[in-house]
Amino acid sequence: MPIPYVAFADYTDLIRVKIRNDGNGPLIIKNVTFTEINESLKRKDELYKLVPSPPPGLYWSDYSSGLKRTIRPDAEVIFLCLRPDSENDRDVEFRDKLRGYLSKLSISVEYTDVYGTKLGPYSRSFDWFARHNHTRPQ
């Protein structure tokens with residue numbers, strides 16, 4: 001049976017959101033929805049379209065929609081990954097801005113097992129990214 005888990009990385013030089021299959025069978029993703037919680041309740045299937053684009057010279061290290069995918073056991077799909085230079089003020093400013101945007105989102109994943117049995121949906125809030133809000137003014 002597949003077991004989805006959305007994992008976050010939030011370091012000075014890495015911001016990442018990924019989904020992992022912690023179960024024993026293939027995780028077949030039917031739909032992924034990212035929702036902005038507080039404001040206009042925007043819904044998108046691609047995380048990078050809900051957050052601001054990086055400034056010139058800073059690029060997403062990886063991103064994916066995750067739609068209609070199969071994830072084997074112990075594998076993952078990266079929805080968004082940024083590797084800012086923690087010594088570059090512009091990168092640090094964008095990293096902190098990105099944390100603020102991510103903290104207002106949630107994810108919902110509709111999925112099945114290999115036999116087509118509808119499981120879930122799995123959902124998780126991204127409010128974990130808000131824990132740094134007190135360290136730098138937004």
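First, the ground rules. The model is predicted, so local features need pLDDT of at least 70 and side-chain atom pairs count only at pLDDT 80 or more, while totals for chains, interfaces and linings use all residues. Residues are numbered from 1 along each chain as its sequence is written, and side-chain values use heavy atoms, with hydrogens and water left out.

Let me start with charge. Side chains of opposite charge can pair when their charged atoms come close. By salt bridge I mean a side-chain nitrogen of Lys or Arg within 4 Å of a carboxyl oxygen of Asp or Glu. Searching the whole structure on that basis gives eight salt bridges.

Strands here are DSSP runs of E, at least two residues, and helices are runs of H or I, at least four residues; both are numbered from the N terminus.

How accessible are the two ends? For accessibility, buried means under 20% relative accessible area, exposed means over 50%, and partly exposed is in between, with a 1.4 Å probe and protein chains only. D10 is buried at 5%, whereas R131 is partly exposed at 34%.

Next, E76 and K18, whose side chains meet in a salt bridge at 2.8 Å, N to O. E76 sits in strand β7 (residues 76-82) and K18 in strand β2 (residues 14-21), so the pair links parts 58 residues apart in sequence. K18 is buried, at 12% relative accessibility, and E76 is partly exposed, at 38%.

A further pair is R90 with D91, again a salt bridge, at 2.8 Å from N to O. R90 is partly exposed, at 32%; D91 counts as buried, at 5%.

Now the backbone. Most residues other than glycine have a negative phi, and most peptide bonds are trans. Two places in this model depart from that.

G120 and P121 are joined by a cis peptide bond, with omega about 15 degrees. P121 is placed in strand β9.

D74 is not a glycine, yet its phi is positive, about 65 degrees. D74 lies in the loop between β6 (70-71) and β7, and D74 is exposed, with a relative accessible area of 67%.
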